[in-house]
Amino acid sequence: MSEVTRILQAVQAGDHEVAERLIPLVYDELRQLAARKLAGELPGQTLQPTALVHEAWLRLGADDQANWSSRAHFFGAAAEAMRRILVERARHKRRIKRGGQLAFVPLEDAALEVAAPSPDDEVLAVHHAL
C-alpha cells in the first residue's frame with residue numbers, strides 16, 4: 001500500500017491533520033499529469049501546469065478531501081477535474097459574446113471603402129423628410 005493510499009484512508013477515518021502531508025506527496029505527479037493534459041491542447045494555451053494543478057486541487061476539495069478509496073481513485077479524480085477545467089476554458093474562449101465566432105482580420109487587409117451617398121439617395125431622403 002502506498003503512502004498516498006495510507007494518508008487517504010487516514011483522512012477517510014477522520015484524521016484530518018494527516019491531510020496536510022498529502023499535497024507534498026502528490027504535487028510532482030499532479031504537475032506531470034497537468035503538463036501531459038496541456039500538451040494535447042492547441043497552441044496559444046495560457047494556462048500553465050502549476051495553475052492547472054492548483055485549480056484542480058481546489059476543485060477536489062483542497063484540505064477537506066473527499067472519500068478517496070485509493071491512490072488510483074485520487075489521481076483519476078484529479079485527471080477528471082483537470083479535463084473539466086480545460087473544457088470550461090475552451091467553452092469560455094469560444095463564447096459569441098467574447099467574439100468566439102469572429103475571425104481576426106488585420107487592419108491592413110481589411111477593405112476600408114466608404115461609399116458616399118448617391119444623389120438619388122439624397123433626393124429620396126429629402127422626399128421622405130418632406
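Reader: Where does H2 bend, and by how much?

Author: In this predicted model, helix H2 bends by about 35° at Asp28. The bend is the angle between axes fitted to the seven residues ending at a residue and the seven starting there.

Reader: What span does H2 reach from its first C-alpha to its last?

Author: H2 has 18 residues, and its end-to-end C-alpha distance is 26 Å. That is close to the 26 Å expected at 1.5 Å a residue.

Reader: Which residues of H2 are buried?

Author: The buried residues of H2 are Leu22, Val26, Leu30, Leu33, Ala34 and Leu38. What covers them includes helix H1 (3–12), H3 and H4.

Reader: How should I read the spacing of residues along a helix?

Author: An α-helix has 3.6 residues a turn, so residues three or four places apart point the same way. Helix H3, residues 49–59, is a case to look at. Pro49, Leu52, Val53, Ala56 and Trp57 are buried there. These residues lie on the same side of H3, because they cover an arc of only 135° around the axis.

Reader: What do the buried residues of H3 pack against?

Author: They pack against helix H2 (22–39) and helix H4 (71–93).

Reader: Can we follow one of these residues more closely?

Author: Take Ala56, which lies in helix H3. Its relative accessibility is 2%, so Ala56 counts as buried. Leaving aside its neighbours within four places in sequence, Ala56 is in contact with Ala78, Ala81, Met82 and Ile85.

Reader: How many residues along the chain separate Ala56 and Leu30, and what is the distance between their C-alpha atoms?

Author: Ala56 and Leu30 are 26 residues apart along the chain, and their C-alpha atoms are separated by 9.1 Å.

Reader: What comes just after H3?

Author: Just after H3 there is Gly61, which takes a positive phi of about 115°.

Reader: How is a pair of aromatic rings described?

Author: It is described by the distance of the centres and the angle of the planes. A search of the whole structure finds two aromatic pairs. In one of them, Trp57 and Phe74 are edge-to-face, at 6.4 Å centre to centre with 70° between the planes. This pair links distant parts of the chain, with Trp57 in helix H3 and Phe74 in helix H4, 17 residues apart. Both Trp57 and Phe74 are buried.

Reader: What are the distance and angle for Phe74 and Phe75?

Author: Phe74 and Phe75 also form an edge-to-face pair, with 5.4 Å centre to centre and 80° between the planes. Both Phe74 and Phe75 are buried.

Reader: Why are Arg6 and Glu3 separated by about one helical turn?

Author: Because they are three residues apart in helix H1. Arg6 is partly exposed, with a relative accessible area of 43%. Glu3 is partly exposed as well, at 34%.

Reader: Which other salt bridge lies within a helix?

Author: Glu80 and Arg83 meet in one, at 2.7 Å from N to O. They are three residues apart in helix H4, so about one helical turn separates them. Glu80 is partly exposed, with a relative accessible area of 29%, and Arg83 is partly exposed at 38%.

Reader: Which residues do salt bridges that share partners join into one network?

Author: Glu55, Arg59 and Glu88 are joined in this way.

Reader: Are Glu88 and Arg59 buried or partly exposed?

Author: Glu88 is partly exposed, with a relative accessible area of 42%. Arg59, at 39% relative accessibility, also counts as partly exposed.

Definitions and conventions
Residues numbered from 1 in each chain as written. Predicted model: local features only at pLDDT ≥ 70, side-chain atom pairs only at ≥ 80, totals over all residues. Heavy atoms only, no water. Buried < 20%, exposed > 50% of the residue type's maximum accessible area, 1.4 Å probe, protein only. Helix = DSSP H or I, 4+ residues; strand = E, 2+ residues; numbered from the N terminus. Arc of directions from axis to C-beta. Contact = heavy atoms within 4.5 Å. Expected span 1.5 Å × (residues − 1). Phe/Tyr/Trp six-rings, centres within 6.5 Å; stacked < 30°, edge-to-face > 60°. Salt bridge = Lys/Arg side-chain N within 4 Å of Asp/Glu carboxyl O.
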